[in-house]
Structure formats: structure tokens, C-alpha cells
Amino acid sequence: MNNLIKQIFTATFCIIAIGSISGQKILTLEDCRQQAVEYNKELKKANYQVQEAISNQKTARTAYLPSVSVKSSMMYMPDMENISMPGGFLKTAVSAEAAQNGDFSGTSDVWSPGINLALENLYLITGQVSVTQPVYVGGKIKYSNKQADAGIDIFKYNYNIKYAEIIEQTDKAYWNLVSVAANTKLIEKSIEMLTELEDKMNDMFNIGLTPLSEKLKVSVQKNEAELNLLKAKNGLRVSKMYLNHLIGQDLNLDIQVVNTLDENADIFNKTGSDASASNRNELKILNKQLEISEYDKKIIQSDYLPQIGVSASYSTYYVNNLLEDISFHPNLSGQISIPITNWGQAKFKNDAANLRIKQAEVELDNTNELLNLEIQQVRIQIQETLKAIIIAKKNLTEAEVSLDETKASFEAGLNTTTELLNSQMSWQSSNAQLISILAQYKLLQTTWQRVTGNLNPVD
């Protein structure tokens with residue numbers, strides 16, 4: 001990096017060291033990333049969605065297990081009429097044929113006692129314990145569980161997307177703050193140069209070697225620089241407030257950042273220059289959604305297949321004054337349901353499911369193309385920025401040489417004040433341009449990791 005840029009950052013580090021004594025909070029890029037991840041509410045929500053999907057998966061697993069239920073009911077019938085039947089001798093028939101015809105004309109010597117039931121208030125209580133186990137439901141349980149598994153993956157990929165967005169947003173705020181701080185120091189350095197020149201012009205004016213107009217040119221330039229410094233300091237304050245907002249700190253907390261705007265030409269080493277979008281979480285989500293659509297089709301088909309289940313139960317009854325001995329009665333049963341006709345309903349639903357699958361496939365292909373296009377765009381931006389860094393460094397070197405030569409010529413009376421001021425402005429502009437490009441390059445490194453799917457949280 002250019003010597004002057006190094007001087008600026010050396011001065012920045014000195015301020016940081018002083019700031020640490022005066023209570024300023026010093027932050028690295030990793031500190032800011034960690035705090036932003038811990039604070040961000042969208043990321044917390046995405047994590048809760050993952051936990052919800054895990055709970056849904058556990059719920060789906062229970063469909064394999066038998067269901068156990070206990071049922072009980074009570075019926076109360078007040079003021080029931082009593083049942084009374086008188087006794088008597090049993091009737092007889094003269095022949096079997098007469099009995100079959102219901103002709104009972106004779107009387108036997110067998111006595112049947114009467115019945116007298118005092119019902120009064122009648123209570124009917126029933127109880128049942130049952131166990132039901134599905135045996136075959138056309139694969140519905142199996143594919144529902146697969147959908148639940150895919151749901152967890154989808155929300156994990158969504159979490160990764162949110163994470164990458166937060167990291168990129170935090171990095172942008174961080175490098176912007178670094179850039180603004182460097183530009184602020186650059187303007188301060190420029191004011192020092194202008195102050196030195198202004199003092200010389202005052203001395204020259206006082207002894208009559210230069211007119212007032214030449215002296216005022218420097219003063220006007222210095223006043224403009226001081227106004228720019230005020231704006232830069234306000235911009236620095238706003239940049240600090242925004243970064244504090246992202247990482248969950250008090251907006252007015254004074255912070256200092258320590259990472260520098262050095263260049264790193266090995267930006268492609270982590271992922272390879274031939275990186276594609278295959279690792280993007282957006283594509284992984286769409287692949288899982290395609291799987292879910294296919295499972296939906298199988299579940300629809302299962303609705304029109306035979307359904308088999310078994311159940312076992314124990315039941316008991318209690319009726320006051322009638323059935324007061326409690327005993328459990330076992331019952332075993334099996335059920336089978338075979339659809340016969342549904343007037344084409346199965347076909348229509350299957351056709352709709354196939355169309356949803358095709359829609360998911362089209363969306364997957366389209367998104368894959370767009371994400372690969374995004375990678376190529378970022379690749380071009382990186383290549384352009386690397387070239388811009390080389391040019392900016394060359395411009396700065398030439399501006400420094402020009403400034404040194406103009407200063408020497410000015411001292412010898414060969415250049416005007418305007419030419420010297422223009423040379424200083426060119427030097428300042430070249431420095432500012434290099435700082436801006438280096439900050440852009442730093443952010444592009446993070447963007448490259450995001451667009452190639454390599455900015456996921458470490459498990």
C-alpha cells in the first residue's frame with residue numbers, strides 16, 4: 001500500500017491506542033460479526049423456525065406408534081317410572097306346530113314370578129380403554145415423515161441465508177466506517193498542509209513578496225477543507241451509530257475499528273475461480289420444496305389405496321339398580337377400507353400434483369440461472385476493482401510526485417499558488433479514491449463468499 005495510506009492508518013492506530021485509554025470500545029471485524037449475529041432478531045426468528053420444524057418432525061414420528069385413548073360417559077335420567085310385571089303360570093301349546101304358529105292355548109303348572117324394579121333416578125356410566133394401530137395406509141405416514149425431515153432442512157437453509165445477509169450487512173457497515181475514518185484523517189492531513197502553506201503565504205505577504213489575493217486563495221481552500229472535515233466527522237459519527245445499531249449497542253457508544261484496508265489478491269482461493277451456485281442455500285431450499293411436492297403426490301395417491309388397521313379395547317358398564325357389578329369386556333377388531341370408485345377424483349388430484357412438481361422444477365431451473373448470473377456479475381466487479389486498485393495506486397504515486405515537484409517549483413517561484421493548491425487537491429482526491437476502492441474490495445470479498453454459498457455459520 002502507498003506510504004501515505006500507511007501513515008494515515010498508523011495515525012489511526014495511535015488514536016485507537018489513546019481511545020482505549022479514554023474509554024472507547026475497540027472492535028475487530030469478527031467482534032462485530034459475532035455481536036450482530038447474537039443481536040439480530042430476524043436470525044433469532046429463523047432459529048425458532050428451525051426448532052419448530054424439529055418439533056413438527058417429532059410429531060410426525062408419532063404416527064408410527066399406536067394411539068391409546070380412554071373414554072368415559074355418564075347419563076342421568078331422573079324420576080324414571082318403576083317397572084312392574086305380575087307373575088303367572090306359563091302358557092303351553094298343544095303341539096310343536098301350534099307353538100310355531102304362536103298358538104299357546106294351554107296353561108302349565110310352572111309359575112313365573114313377577115318383576116318389580118324401582119328405578120327412581122337412573123345412572124348409566126360407561127368406560128373404555130382402547131388401542132388403535134394403523135397397519136397400512138398407503139405410505140402416507142412414511143411420506144409425511146419425509147416431508148417433516150425436508151421441512152427441517154428448509155428452515156436450516158433459510159437460517160443460513162439470514163446469517164449470510166447479516167454478515168454482509170455488518171461487513172459493509174464496518175468497512176464503510178474504516179473508509180470514513182481514513183478519509184477523515186486524510187482531510188486532517190490536508191488541513192495541516194494548507195495551514196503550513198497559509199503560514200508561509202502570511203510571511204510572504206507581510207514582507208510584500210505576494211499579493212493579498214494569493215494569500216486568500218490558500219485561506220479559502222483551507223476554509224473549504226475545514227467544512228469538509230466537519231462533514232466527514234459527522235459522517236463518521238453516523239457510521240458509528242449505524243454499526244452500533246447492527247450489533248446491538250447504544251447508538252452513541254464511541255467505538256474504534258482496527259481492521260485496515262489492505263488488499264488481498266487471493267479472493268478466489270477459498271472457493272475456486274470456477275465456483276457455481278450449486279452450494280447456494282436458495283437452491284437447496286427449492287430442491288427440498290421439489291421433494292415435498294413429490295411427497296405430496298405420493299400422499300394423494302395413498303388416499304386411494306386400501307387402508308388397514310387393528311384395534312383392541314376393554315369396556316365396562318354401570319347402571320344403578322340394574323347392573324352394578326363392574327367388569328371389563330375385551331374386544332379385538334380389524335378394519336380394512338378399499339376405495340371402489342371416486343369418479344376420477346384421484347386422477348384429477350394426481351394431475352394437479354404433477355403440475356405443482358413441474359412448477360417447482362421450473363422455479364429451480366430459473367433460480368439456478370439467476371444465481372449463476374449473480375456470481376458472474378460479482379466476479380466481474382472483483383476483476384474491475386483489482387484493476388481499479390492498480391490504477392488508483394499509480395495515480396496516487398504520480399500525484400505525490402507531482403505535489404513534491406510543484407512544492408519545489410513554488411518555493412523557487414516557478415509555479416503559482418493556484419497550481420500548488422490544485423496539486424494538493426489532486427493528491428487528496430487520489431488518496432480518497434484509493435481508500436474508497438480498497439473498502440469496496442473488502443466488501444466484495446464477503447459478497448463473493450455469499451454468492452458462492454460459502455458464508456454459512458460454522459456448526
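At what angle do the axes of helix H2 (residues 29-39) and helix H6 (residues 212-247) cross, and within what distance do they come? In this predicted model, the two axes come within 7 Å and cross at roughly 55°; since angles under 35 degrees count as roughly parallel and those from 65 to 115 as roughly perpendicular, H2 and H6 are therefore oblique to each other. On the H2 side the contact is made by Cys32, Gln35, Ala36 and Tyr39, and on the H6 side by Leu243, His245, Leu246 and Ile247. Of the residues in this contact, 6 are nonpolar and 2 are polar, while no charged residue takes part.

Within H2, the buried residues are Leu29, Cys32, Arg33 and Ala36. These residues lie on the same side of H2, because the arc that they cover around the axis is only 100°. An α-helix has 3.6 residues a turn, so residues three or four places apart point the same way. The packing partners of the buried residues of H2 are strand S1 (25-27), H5, H6 and H9.

The largest nonpolar core comprises 66 residues, and those with the most contacts inside it are Tyr174, Leu197, Leu243, Leu261, Trp427 and Trp448. Two or more residues of this core are given by each of H2, helix H5 (140-206), H6, strand S8 (255-257), helix H7 (281-302), helix H8 (345-411) and helix H9 (417-451), and the largest share, 19 residues, comes from H5.

Methods. Residues are numbered from 1 along each chain as its sequence is written. This is a predicted model: local features need pLDDT of at least 70, side-chain atom pairs count only at pLDDT 80 or more; totals for chains, interfaces and linings use all residues. Side-chain values use heavy atoms; hydrogens and water are left out. Axes are lines fitted to C-alpha atoms, for helices over the stretch in contact, and angles run from 0 to 180 degrees between N-to-C directions. Helices (H or I, at least four residues) and strands (E, at least two) are DSSP runs, numbered from the N terminus. Angles under 35 degrees count as roughly parallel, over 145 as roughly antiparallel, 65 to 115 as roughly perpendicular and the rest as oblique. Contact means heavy atoms within 4.5 Å. Ala, Val, Leu, Ile, Met, Phe, Trp, Tyr, Cys and Pro count as nonpolar, Asp, Glu, Lys and Arg as charged, and the others, Gly among them, as polar. A nonpolar core is a set of buried Ala, Val, Leu, Ile, Met, Phe, Trp, Tyr and Cys residues joined through side-chain atoms within 4.5 Å. Buried means under 20% relative accessible area, exposed over 50%, partly exposed in between (1.4 Å probe, protein chains only). The arc is that of the directions from the helix axis to the C-beta atoms.
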